[in-house]
Amino acid sequence: MTDEPRLSAREMLDRLEETLSRRTRIRAVAALLAGLAGTVFVTSLWWSEPGPLPGRTHLSFALFTVFCLAWACYGGWLLTRRVPLFATEQVIAAWIALAASIVTTGVAAVAAARSGTDLVAALAIGGLFVAAALALAVRAHTRRAALLRRVRQLTQQDRP
């Protein structure tokens, strides 16, 4: 038995830290910097091509730029939050990762098929990335649902 007084659900919710944890801030800064660096790298590579590029190459560069910008926006959004997120940030990151891995696998498969290289290898490696991103998305959704269930339980217990 502990000597600490039992907190009500409202007091427990009020004690949630109003700022992000150090670990979350580090992840947010890493996502922001990686997204910005990726955007600069991909766009500079895209613009510095000496000759005209085929349409599918322009599309691939545009998609990679969009994914890098999505990570940069995610990092910026996460840094500006000052409320408990209840794992929302993990769900968003998982969906960005899943979308990026699916599209990248598709682009790699099309490139492999058109060039006559090993399509099976491109699909197998891409499939591993998609499976990992999907597993992270399921885990993030499950964790968020558990946290939201716990919040509902605490708020219902606190009601008279």
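In what order do the elements of the protein run from the N terminus on? In the predicted model, the order is α-α-α-α-α. The protein accordingly contains five helices, with zero strands.

Of the 160 residues in the protein, 24% are buried. Among contacts with a separation of 6 or more, 70% are accounted for by residues 24 or more positions apart. The accessible surface of the protein amounts to about 10,900 Å², and carbon and sulfur atoms contribute 67% of that surface.

Attention then turned to charged side chains. Side chains of opposite charge can pair when their charged atoms come close. In this model the count comes to one salt bridge. The bridge is formed by the side chains of Glu 89 and Arg 27, with a distance of 3.6 Å from N to O. Distant parts of the chain are linked by this pair: Glu 89 belongs to helix 4, which spans residues 88-115, whereas Arg 27 lies in helix 2, covering residues 22-47. The two residues stand 62 residues apart.

Arg 27, at 29% relative accessibility, counts as partly exposed, because its value falls between the limits of 20% and 50%.

How values were computed. Residues are numbered from 1 along each chain as its sequence is written. This is a predicted model: local features need pLDDT of at least 70, side-chain atom pairs count only at pLDDT 80 or more; totals for chains, interfaces and linings use all residues. Side-chain values use heavy atoms; hydrogens and water are left out. Helices (H or I, at least four residues) and strands (E, at least two) are DSSP runs, numbered from the N terminus. Buried means under 20% relative accessible area, exposed over 50%, partly exposed in between (1.4 Å probe, protein chains only). Contact means heavy atoms within 4.5 Å. Accessible areas come from the Shrake-Rupley method with a 1.4 Å probe; for residues, only the protein chains shown count as cover. A salt bridge is a side-chain nitrogen of Lys or Arg within 4 Å of a carboxyl oxygen of Asp or Glu.
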